[in-house]
Structures are given as C-alpha cells and as structure tokens.
Amino acid sequence: MAKFNILIAGNNDPISSIGIDLLKAEPSFDVTVNMNLKAEDAMVEASREAHAIIVRSGAKVTAKVLDAAKNLKVVGRAGVGVDNIDIPYASKRGVVVMNTPGGNTVSTAEHAFGLMMSLSRKVPQAHASVIGGKWERKNFQGAELNKKTLAVLGMGRIGTEFAKRAQAFGMTVVAYDPYLSANRAEMLKVELRDNLDDAVKDADFITMHMPLTPETKHMLNETRLRLCKKGVRVINCARGGLVDDNALAKLLEEGHVGGAALDVYEVEPPPADYALLKAPNVVFTPHLGASTEEAQESVGIEIAEQVKENLLHGTVVNAVNMPNVDPKTLAEIGPFLRFGEILGRLISQIAPQRAEFLRVNYSGNLGKMDTTLVSRGVLKGYLERPIGADQVNLINAVGTAENLGLRFTESRVPEPTEFSDLIEVEVGSGENKAVISGSFFGGDPRIVKINGRRVEATPEGTLLLLENDDRPGMIGAYGTILGKHQVNIANMSLSRNVEGGTALTLLTLDSTPPQAVIQELEKIPGVKRVYCMELE
Ligand SMILES: NC(=O)C1=CN([C@@H]2O[C@H](COP(=O)(O)OP(=O)(O)OC[C@H]3O[C@@H](n4cnc5c(N)ncnc54)[C@H](O)[C@@H]3O)[C@@H](O)[C@H]2O)C=CC1
Ligand SMILES: O=C(O)C(=O)COP(=O)(O)O
C-alpha cells in the first residue's frame, strides 16, 4: 500500500487535534506535526518527504519549500487566506492548493464586530486604566453604533455576516464590492456603491473584508482616508496591507481618523518601531479572527477530509488553483480525461507549428457535462511534447498555454452530431489547422475523424497517418515496407474524399517504425504526407 507523508506545519498556530486524529487514523498516512517552522530553512527541511502540507497563516509555503518537497501533491490551508502560499509556483509544480472557505466566517465576523465595539467604547484603554488603579470615566466617553453609517468594503462571506450584525445594531450599511450583484445587495438590504470613494466618504465606520491583491493593496491610502469624514473609525480584520498603516498612523495622530482596530498587519508580528503601535485610539489583536474553538474545529476537520480525499482518491474540493472535482464527477469524467490527454498528444504531432489557438468542442452527452478538466487534459497532452511531460500538468496547463500565446477555448452543445458523444480538438493559426475528433463506442474510446475525414482507430500503440493519391497499390506498398522492417499492422482505416482524389490511411502499429522507415514511406510515389503519432 502506498504511504503518504503528511506534514502539519506551523509557527505556534496549531491545527485542531480532531483534524490531526482524523488523518492519523488512516493506515496509509504518516503524520508529522511541527509547530516550530517560522524560518524558511526549517520549513524546507521539514517538507522534503511530504506528500501533503497543511498550514494556517503562520508557516510559509514558498517556492524554495515547493522545490524541496519533491513528492508534494497538495497544500491544505486550514482557513481562507492563501497569501502565505506561493500559488503560481505551486501551480507550476502541479501542486493543488486548497483552503476551507466558510469554516471561520462567523468567528471572524464576530471578532471584527467585537473590535468595532471595543473601538467605539474604548474598552481596551478603559480596561488598562482600571488595572492601573485609576477611575477615569470622563476620559473614556465613546460613541453609539445606532444610526451610524457603516461602509463594508468586500461583501463576501465575512462582510455579509458583519453587515447583518451591524443592521441589528441600527446601523445604515453601505457596501463596496465590484463583484456583488445589485440583486444580492438588495436582498441584504445594503446600499451598493459603485465607487469606492462614494462608499467611504460618508461613513462613520469602515470595515474591510477582502483579500490582499495588487488591486486592493493600500485601498485605504492617505488620499482616500482624507476624503473620509473627520473622526472616521477603521476596522481591518482581513489582511494587513489593505490599509496603508503609515498613512493611518499619521492621520490618527492628526485626529482626522478617530480610531482604528486592527487584527492584521503588513508585517506580522509588527516590529517594535511600527508607527501604529504608538498612535492614539487604536485597538490591536494578534490575528485572532479565526481563533475560536468552533472555527478551528471546523476548518481543521474540513482540511483533513479534503487532503485525505485528495491523496486517496484524487478528489479536488475548494482548490484555489484548479477546478473542483468531486468523486462522482471524477468517476464520470475519468475515461474522458484520459482520452482528452491522448487526443491532445495526437494532435500535437500533426498540428501546424506555432499554433495560435487550441479549441476543444464537445457535443452530445459530453456537451451536457462539466468538461473543464477534460479540456485541461487535452491541453496537457498537447503541451507535453514541446514543454516536457514533467513540466506540464492539469493545474498549470492553462497558464502555460497563455505564456506561449496559445488561445485556449472550449465550447459545448448538448445536441448530438452523428455520434452521441464527440470531442473535437482543433489546433492551428488562421485557416491552417489540424482537427481530431474522438467518440466512445460502447464505452471504448475511438478516433473517429482526422481533419474532417471519417476514420476509425482505437487510441493505442503507434498510429501512422498517411495522406496519398487515391490509386491502386498504395496499401500494398505500405505493407511491403513495414513488413520488411518487422513492423506489424494491427488495424487499418481508409478514407478518401472522392474516387481518385486524396486518401487518408490510418494504421495502428504494434511498434514504432524508425525514422528511416518513415522516410522510405514518404518516397513512395503518390504519398503526400506521413505522420507517425505515438500515444504514450
Ligand atoms: N483575521 C483573520 O483571522 C481572518 C481573515 N480572513 C480574511 O478575510 C478576507 C475575507 O474573507 P471571506 O469573506 O471569507 O472571503 P470572500 O471571498 O467570501 O469575500 C471576499 C470579498 O471581497 C470581494 N473583493 C475582491 N476584490 C475586491 C475589491 N477590489 N474591492 C472590493 N471587494 C473586493 C470579493 O468580491 C468577495 O465578495 C480574506 O482576505 C481572508 O483572508 C478570513 C478569515 C480569518
Ligand atoms: O483564514 C484566514 O484567512 C485567516 O486569516 C485565519 O488565519 P489563521 O488560520 O488564524 O492563521
């Protein structure tokens, strides 16, 4: 039985023991827990033998770690944010990255809401004062939330939960999220603003709930903060870097910003000289949004299940770098996936050089299924020869094609053609293209058309495609040359456009003929082209 090494990696940020026990109960898993992996070198050493690595936000899965972990198949994130994992590099290496969206939503929304309340009533400052033996009631006058305007930036899972709580407290909620539909905003009873400046300028409180991306970095910068009402209070429980912390510190000092509550920082932990640490009216927590028993149990169990199912059955759930594949779909599309790769490999051997497009068209039953992965299989098969089979995989195939300037598209129609299932692959540039179509006969894959001409071949062994003038004696000439070199013909399919026109001969061979034999075939009078296509 294959053994899988699973590394639970952290930097003092443990994963739920229930999740770990679930993995340990699997006889084929060898589970190591190491919570001292702050340094990259330590992480590299710990990861060398791992087939799966599970992390929260503390341990970093960098390119160096991914390079060292030669067996790695999957990285699991027990939480939402995957910014501690080098996703593009993981994709390049064919490593699936999964997270557990939803498991910590309520905990994080509650924490962010708690921060807003602490901020508006100066709870931490008042607490410190009482501990210090003081009784300074007049210093800690706060503000009500009732009837105030709240801007929620990022109206996803956490933003939505936050908004619901705010509405229960009598706040007016405006939302900014370019991906939120007007219908959904109406359903949530929030005022949707198309423009970020419009969303923040009247707000008494602003809360952020989106990922850190090049687009969202420093979304609240000095200019935008100055646009806000004097006294605005800012809550960030999403990711450090969404707010420009230096600008925030400056405006807090000036009093333009009335307060800030942060759970996340541009650098974690923030260094001692971090300007914000000395700013007035601030509340800090050390990235605690998801730190509840409930959230940790939920994300710990979810990630353990997801990683287990991936290693044992290839199931892909909640992946951030490839489409999801549940066991039912996997069982359904498994044969198509393998056939898709073969068609890709075949067409790479007859397609024009420097192709600009690769199209995969499905019709019939296949046109009704989710074939995203099958198309990736076609692309993988197509790219394997030029790029190298170990360099291209289902995860990086689309990105690799983009880098090459190859436009990749797929289309589906549910109506059958003359076949109940058809996968058609077209590769070329402009009008110059090759087309291969495949179908299934009684569950068995068949190549049914090449360049629009009807053929029939089982995709196995080596295929020899010959284009020749349609005239007597051609088959005999092929057979003689192949026979002389001990190459056995297992199957033959003939097709011609018109009598005496051009014929296609597709031969399935038991072995691959040497190049000299191909050249000999090319020299037969009447032969236009010979392609030798290897399927493996
Ligand atoms: N402090 C903590 O411990 C935790 C922090 N988080 C962080 O909270 C954030 C949100 O998490 P979820 O709500 O679960 O994610 P989500 O994916 O449900 O929501 C994110 C929302 O941001 C929106 N968005 C994307 N780009 C945007 C832009 N340019 N402007 C405005 N909105 C944009 C998306 O449309 C989406 O609705 C993530 O960054 C996550 O890492 C999540 C859990 C715990
Ligand atoms: O899920 C997220 O995005 C979080 O930020 C939670 O991080 P954590 O698992 O608590 O280190």
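Pro269 sits in the loop between β11 (257-262) and β12 (282-284), where helices (H or I, at least four residues) and strands (E, at least two) are DSSP runs numbered from the N terminus. The peptide bond that leads from Glu268 into Pro269 is cis, and its omega is near -5°. Lys147 is a residue other than glycine with a positive phi, near 70°. For context, most residues other than glycine have a negative phi, and most peptide bonds are trans.

This is a predicted model, in which local features need pLDDT of at least 70 and side-chain atom pairs count only at pLDDT 80 or more, while totals for chains, interfaces and linings use all residues. Residues are numbered from 1 along each chain as its sequence is written, and chains are lettered from A and ligands numbered from 1 in the order in which they are written.

β11 and β12 both belong to an open sheet of seven strands, with parallel pairing and the order β8-β7-β6-β9-β10-β11-β12; two strands pair if DSSP finds at least two bridges between them. At its edges are β8 (191-192) and β12, each of which pairs on one side only. Within this sheet, four bridges link β6 to β9 (residues 205-208) in the parallel sense, and Ala151 has Ile206 as its bridge partner in β9. Helix α5 (residues 105-121) packs on the sheet and touches β9, β10 (232-236), β11 and β12, with its direction at about 150° to that of β10. Here axes are lines fitted to C-alpha atoms, for helices over the stretch in contact, and angles run from 0 to 180 degrees between N-to-C directions. Contact between two residues requires C-beta atoms, placed from the backbone, within 7 Å.

α5 also packs against helix α7 (residues 157-168), at an angle of about 50° and with the axes 8 Å apart. The two helices, α5 and α7, are therefore oblique to each other; angles under 35 degrees count as roughly parallel, over 145 as roughly antiparallel, 65 to 115 as roughly perpendicular and the rest as oblique. The α5 and α7 crossing is right-handed: a crossing is left-handed if the near helix is turned anticlockwise from the far one by less than a right angle, and right-handed if clockwise. On the α5 side, the residues that meet α7 include Val106, Ala109 and Phe113, and those of α7 include Ile158 and Phe162.

The other open sheet has five strands in the order β2-β1-β3-β4-β5, again paired in parallel. β2 (29-34) and β5 (96-98) are at the edges with a single partner strand each, so one side of each has no neighbour in the sheet. From one strand to the next, the twist averages 15°. Parallel strands β1 (residues 4-9) and β3 (residues 52-55) are joined by three bridges, with Ile8 partnered by Ile54 in β3. Helix α2 (residues 40-47) lies across β1, β2 and β3 and runs at about 160° to β1.

Finally, the shell around ligand 2 includes Asp13, Arg56, Asn104 and His287, a residue being near a molecule if its C-beta atom, placed from the backbone, lies within 6 Å of it. By class, this shell has two nonpolar, seven polar and two charged residues. Ala, Val, Leu, Ile, Met, Phe, Trp, Tyr, Cys and Pro count as nonpolar, Asp, Glu, Lys and Arg as charged, and the others, Gly among them, as polar.
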